[in-house]
Amino acid sequence: MVPNFCVPVLTVPAAILCCLMLPLAGADSKPTFMKAPEDQIGISGGVASFVCQATGEPKPRITWMKKGKKVSSQRFEVIEFDDGSGSVLRIQPLRVHRDEAIYECTATNSVGEINTSAKLTVLEEDHLPAGFPTIDMGPQLKVVEKARTATMLCAASGNPDPEISWFKDFLPVDTATSNGRIKQLRSGALQIENSEESDQGKYECVATNSAGTRYSAPANLYVRVRRVAPRFSIPPSNHEVMPGGSVNLTCVAVGAPMPYVKWMAGVEELTKEDEMPVGRNVLELNNIVQSANYTCVAISSLGMIEATAQITVKV
């Protein structure tokens with residue numbers, strides 16, 4: 001007699017089965033280009049910039065080649081993006097014939113390698129085709145206070161009308177990553193609102209159409225952080241009180257950066273070190289029985305100032 005066996009059957013929901021078949025998140029992946037270099041027509045003595053960015057896991061390494069050899073020249077500079085996504089190959093000043101070539105960008109990681117290329121043509125200034133872009137007004141040196149708005153001007157003409165883009169410290173300005181703080185106006189100007197110290201740098205306006213590309217002269221933007229030593233806007237005032245009376249001593253100080261404010265009676269600290277308020281400190285005195293002096297001290301990285309109030313008890 002053959003015994004009956006009960007064999008358990010495991011059923012896997014289709015959704016789970018589908019997920020099991022997907023590659024794991026964070027798994028290694030071959031590089032793919034996010035931005036590939038584009039063909040350019042530049043001017044002798046001018047600038048050409050080729051942008052190449054790639055993604056992949058691990059993060060791919062970008063290399064630049066010219067005629068099968070790694071680029072190397074004092075006029076060639078490779079500038080890395082801060083996020084490590086790629087680099088810009090910048091050639092300056094351009095030379096006719098010598099720099100005309102196919103430039104190849106290679107993105108490599110442990111999974112694979114991909115290539116893309118772009119052609120550079122260099123023209124003499126006196127042999128430019130009709131409609132080649134002209135910079136009618138380039139950016140100028142500008143100094144702006146931190147948190148204020150800075151506008152870097154640019155106007156260009158050509159046929160067809162050139163598109164304007166911007167470079168900062170030789171890297172393209174990506175207005176999409178600034179949450180609307182940095183925008184390019186219809187005029188071509190670059191507007192930077194609520195300016196930060198990181199906005200400081202060298203800016204170039206670039207005009208491009210089908211005839212070619214022209215760079216403006218660079219212009220520096222300096223973001224000035226206001227630095228003002230502390231001063232009292234409301235110093236403490238003297239008071240006369242009856243025995244057992246009360247009074248509030250107000251002390252207000254300003255500066256940039258704003259100072260911390262504390263109270264002292266002689267050498268005794270009346271405000272705890274870790275509780276010092278910024279800008280304004282009110283000292284409450286109750287049940288006053290004898291005359292005394294109270295000193296308000298304002299402190300910042302730019303210095304320390306004091307002002308003393310005299311409390312006199314009437315007799």
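Trainee: In E27, which residue is the bridge partner of tryptophan 263?

Mentor: A word first: this model is predicted, so to speak of local features takes pLDDT of at least 70, side-chain atom pairs count only at pLDDT 80 or more, and totals for chains, interfaces and linings use all residues. Residues are numbered from 1 along each chain as its sequence is written, and side-chain values use heavy atoms, leaving out hydrogens and water. Strand E24 (residues 260–265) pairs with strand E27 (residues 292–300) in the antiparallel sense over five bridges; strands are DSSP runs of at least two residues, helices (H or I) of at least four, numbered from the N terminus, and two strands pair if DSSP finds at least two bridges between them. Within E27, the partner of tryptophan 263 is cysteine 296.

Trainee: Is cysteine 251 buried or exposed?

Mentor: Cysteine 251 is found in strand E23 (residues 245–256). Leaving aside neighbours within four places in sequence, its contacts (heavy atoms within 4.5 Å) include Trp263 and Cys296. Buried means under 20% relative accessible area, exposed over 50%, and partly exposed in between, with a 1.4 Å probe and protein chains only. The relative accessible area of cysteine 251 is 0%, so cysteine 251 is buried.

Trainee: How far apart in space are cysteine 251 and tryptophan 64?

Mentor: In sequence, cysteine 251 and tryptophan 64 are 187 residues apart. In space, from C-alpha to C-alpha, the separation is 63 Å.

Trainee: Which strands stand at the edges of the open sheet of five strands?

Mentor: That sheet has the order E2-E9-E8-E4-E5, with mixed pairing. E2 (40–43) and E5 (69–70) each have a single partner strand, so one side of each lacks a neighbour in the sheet. The edge strands are therefore E2 and E5.

Trainee: In E8, what is the bridge partner of arginine 61?

Mentor: Strand E4 (residues 61–66) and strand E8 (residues 101–108) pair antiparallel over six bridges. In E8, arginine 61 has as its bridge partner threonine 108.

Trainee: Does tyrosine 222 count as buried, partly exposed or exposed?

Mentor: Tyrosine 222 is found in strand E20 (residues 219–224). Its relative accessibility is 38%, so tyrosine 222 counts as partly exposed.
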